Amino acid sequence: MDWTVEARQEFDTMPADAKQLILAARAELITAPDPYFRGIDADLGLPHWITVRPLASTSPGGPHIADLAGGRGWLVFTFIRRHAEPQIIVTDTFWA
């Protein structure tokens, strides 16, 4: 998983408990067969505190948002499907 400079700076300024939650969400995303969790009930294996959805309903293959802890925070990411080395890029993080 890669981070944009802005997303990494936002992450670095978060409180420790928020960082732990973001890192736990990261672990879920990088180990998922499809980080976009497409299909009916594809996200059943996710913990109850994380939901993943497209950032824009008109672009289901574009950026996605992982809502954390009932909306207290999120991370926006893009998944690039490559045969040899799939990549997830975090473009935005937030914690309230």
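Two strands count as paired if DSSP finds at least two bridges between them. Helices (H or I, at least four residues) and strands (E, at least two) are DSSP runs, numbered from the N terminus. What you're looking at is a predicted model, where local features need pLDDT of at least 70, side-chain atom pairs count only at pLDDT 80 or more, and totals for chains, interfaces and linings use all residues. Residues are numbered from 1 along each chain as its sequence is written, and side-chain values use heavy atoms, leaving out hydrogens and water.

**View A. The E3–E4 hairpin and its turn.** E3 and E4 make a hairpin with 4 residues between them, and they pair antiparallel over 5 bridges. Asp-67 sits opposite Trp-74 of E4. In the turn, Ala-69 has a positive phi of about 50°, and this is a residue other than glycine. Ala-69 is partly exposed, at 28% relative accessibility (buried is under 20% relative accessible area, exposed over 50%, partly exposed in between; 1.4 Å probe, protein chains only).

**View B. E4 alongside E5.** These two strands run antiparallel, joined by 8 bridges. Gly-73 has Trp-95 in E5 as its bridge partner.

**View C. The largest nonpolar core.** A nonpolar core here is a set of buried Ala, Val, Leu, Ile, Met, Phe, Trp, Tyr and Cys residues joined through side-chain atoms within 4.5 Å. This one has 24 residues, and Ile-22, Leu-29 and Phe-77 are among those with the most contacts inside it.

**View D. Around Leu-29.** Setting aside neighbours within four places in sequence, Leu-29 is in contact (heavy atoms within 4.5 Å) with residues including Met-1, Pro-35, Val-52 and Ile-88.
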